[in-house]
Amino acid sequence: MDNNQPGQSSSDKDKPHVTELRKNAHGFFENLKIFIKDLLEIRDDTDRESTVEAVKKDISFKGHNAWILIFSIFVASVGLNVSSTAVVIGAMLISPLMGPIVGVGMSVAINDVITLRKSFINLGLMVGLSVLTAYIYFLISPVKEETPELIARTYPTILDVLVAIFGGLALIIAKTKKGTIASVILGVAIATALMPPLCTVGYGLAIANWSYAGGALYLFSINAVFIALSTFVVTKLLGFPLVKYANSRKRRRTAQIASTIAIIVMIPSVILFANLLQKQLFESKSREFIHEVVRYSGTETIKFTQDYQEKTIDVYLIGQRVPQGTIDTWKEQMGRVEALKESELIIHQGERGGDINELSTQVRSGILEDLYVRNQEIIEDKDARIVLLENELSKFRGDNFSFPDLSREIKINYSEIQELGYSNLISTNFDKTDTIPTFTVTWDPAISAAKRKQEKERFEAWLKVRLKLDTLAVKTVN
C-alpha cells in the first residue's frame with residue numbers, strides 16, 4: 001500500500017528535513033566561529049599607548065641595565081664554559097637584552113624615526129658591551145675547551161629561526177596586554193637565547209677562531225632580526241597608531257624610509273629561512289633514506305656524512321661487498337625523494353668482505369676506537385666477575401680472613417692455647433667432595449681433659465660466629 005499522498009514524491013517529503021540539518025550545521029559553525037574569535041581575540045585587551053611607553057622605557061641601556069647585562073654575560077659565559085644548560089638559562093632570566101630589539105621592530109611599524117635611531121644606538125652598545133665582557137672572561141679563563149654548548153651556537157639552524165619567531169611573537173603580545181605578564185616575558189627571554197651567541201662571539205675572539213665568532217654573530221643577528229620582525233608584524237596587525245608629524249611631507253618620507261627598512265630586513269630573512277628549511281629537510285630525509293633503504297645482508301653501515309652545499313651523501317659500509325646493481329637501485333630510489341633528487345649517493349666499501357683499507361683514516365680510527373672500547377668493557381666485566389667469584393669461593397673455603405689478626409685475637413681470648421694451625425681439609429665419601437676449614441690446637445698441658453674439652457667446644461662455637469661459617473673443624477693435637 002502506498003502511503004504517499006497523491007502528487008507528493010518522497011524527495012519532496014525529505015526537503016524540510018534537509019533544510020533543518022543545514023540550519024543546524026550553519027548554526028554550529030557560526031557558534032564555533034564566535035567561540036574561536038572570543039578565544040583568540042586580543043585587540044580589545046590591547047593597551048597601545050602603555051605598550052609604546054613600556055617599549056621606549058626598555059630601550060634605554062645605561063646604569064643598572066648595563067651592570068645587570070655585564071654580570072649576566074659573565075654567568076652565561078661560565079655556563080657555556082662548563083657546558084651547563086641550567087646556568088645559561090639562569091643568566092638569561094636576568095638579562096636585559098630584549099628592549100632595543102623590540103624597540104627597532106615597533107619604531108619601524110609606527111614610523112618613529114627618533115625611537116628607531118635610539119634603538120639602534122642602544123642595540124650597538126648592548127652588543128659591544130656583551131662581546132667585550134665575554135671576551136675578557138674567556139681570555140682570562142684557564143678552561144678554553146670547545147664544549148657542546150659553545151659549538152651549538154656557532155651557526156644558525158631552522159630551530160633557531162623558529163624559536164626567534166615564536167619567541168618574538170610571544171614577547172610583543174605579552175607586552176601589548178593590559179597589565180603585566182612577567183612569567184611570559186621571562187620565558188621568552190629564555191627561549192630566544194640571545195645571550196649564548198654573544199658569549200660565543202667573545203669566545204671565538206678570545207681563542208682567535210674567526211669562524212666561531214662570525215657564526216655566533218650571524219646567529220645573534222638572525223635571532224634579533226626575527227624578534228624585531230615579529231614585533232613589526234604584531235604591531236601592524238593590532239593597528240598601533242603612526243607617529244604624527246607637523247609636516248605631512250616629512251611624515252610621508254618617514255613612512256617610506258620605515259617601509260624600505262622593513263622590506264630590506266624581511267627579504268633576506270625570508271630567503272635565509274627558506275634556505276635553512278631546505279637544508280634541514282635535506283639532512284632529515286637523507287638520514288631517513290640511509291636508515292630505511294641502504295641495507296644489505298651481511299653488511300653494516302658504520303658511518304654516513306651529508307653535505308648540503310655539495311649535495312652529496314657519503315655512506316661507509318663494512319662486511320659483505322654490495323653488488324653494483326643494488327647500489328644503482330638505491331640511487332634510483334633516492335631520485336624519487338623530492339628533497340634528494342639532485343643529490344649524489346657515494347658508497348665507500350673495501351675490495352673484500354670486511355676489508356677497511358679503502359675507508360678514510362678517520363673512519364678506520366673510529367672503528368678501532370669502538371673495538372678497543374668494547375674490548376675494554378668486556379675485559380673489565382670479566383675482571384669484575386672473576387673478583388666476585390674469587391670472593392664467593394673464598395667465603396666457601398673459609399679463608400676470607402687474616403690468619404695473623406685472628407691468631408692475635410685468639411691469644412687474647414684463649415690463653416690456654418699454646419699453638420694454633422689452620423688449613424683447608426679436603427675430604428670425600430666417594431659420593432661428594434667437601435672442603436672443610438680446619439683448625440689444629442695445642443693446649444696447655446696443665447689444664448685437665450674435662451677443661452680442655454669444654455674450651456674446645458667453646459672455641460669452635462666462637463670461631464663459627466667470628467668467621468660466619470656454618471661448617472668448620474677444630475682438632476686437638478695433644
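Biologist: Which residues have the most contacts inside the largest nonpolar core?

Modeller: The model is predicted. Its largest nonpolar core has 56 residues. Those with the most contacts inside this core are Met126 and Phe220.

Biologist: Which element gives the most to this core?

Modeller: Several helices give two or more residues to the core, including α2 (48-59), α6 (113-140) and α11 (210-237). With twelve residues, the element that gives the most is α11.

Biologist: Why do the buried residues of α2 line one face of the helix?

Modeller: In α2, the residues Thr51, Val52, Val55 and Ile59 are buried. An α-helix has 3.6 residues a turn, so residues three or four places apart point the same way. On the other side of α2, Glu49, Glu53 and Lys57 are exposed. Seen down the axis of α2, the buried residues line one face because they fall within an arc of 100°.

Biologist: In what order do the three strands form their open sheet?

Modeller: The edge strands are β1 (299-307) and β3 (344-348), each of which pairs on one side only. The pairing in this sheet is mixed, and β1 runs antiparallel to β2 (residues 312-319). The order of the strands is β1-β2-β3.

Biologist: Which residue of β2 is the bridge partner of threonine 305?

Modeller: Strands of a sheet pair through backbone hydrogen bonds, either parallel or antiparallel. Eight bridges join β1 to β2. The partner of threonine 305 in β2 is aspartate 314.

Notes:
Residues are numbered from 1 along each chain as its sequence is written. This is a predicted model: local features need pLDDT of at least 70, side-chain atom pairs count only at pLDDT 80 or more; totals for chains, interfaces and linings use all residues. Side-chain values use heavy atoms; hydrogens and water are left out. A nonpolar core is a set of buried Ala, Val, Leu, Ile, Met, Phe, Trp, Tyr and Cys residues joined through side-chain atoms within 4.5 Å. Buried means under 20% relative accessible area, exposed over 50%, partly exposed in between (1.4 Å probe, protein chains only). Helices (H or I, at least four residues) and strands (E, at least two) are DSSP runs, numbered from the N terminus. The arc is that of the directions from the helix axis to the C-beta atoms. Two strands pair if DSSP finds at least two bridges between them.
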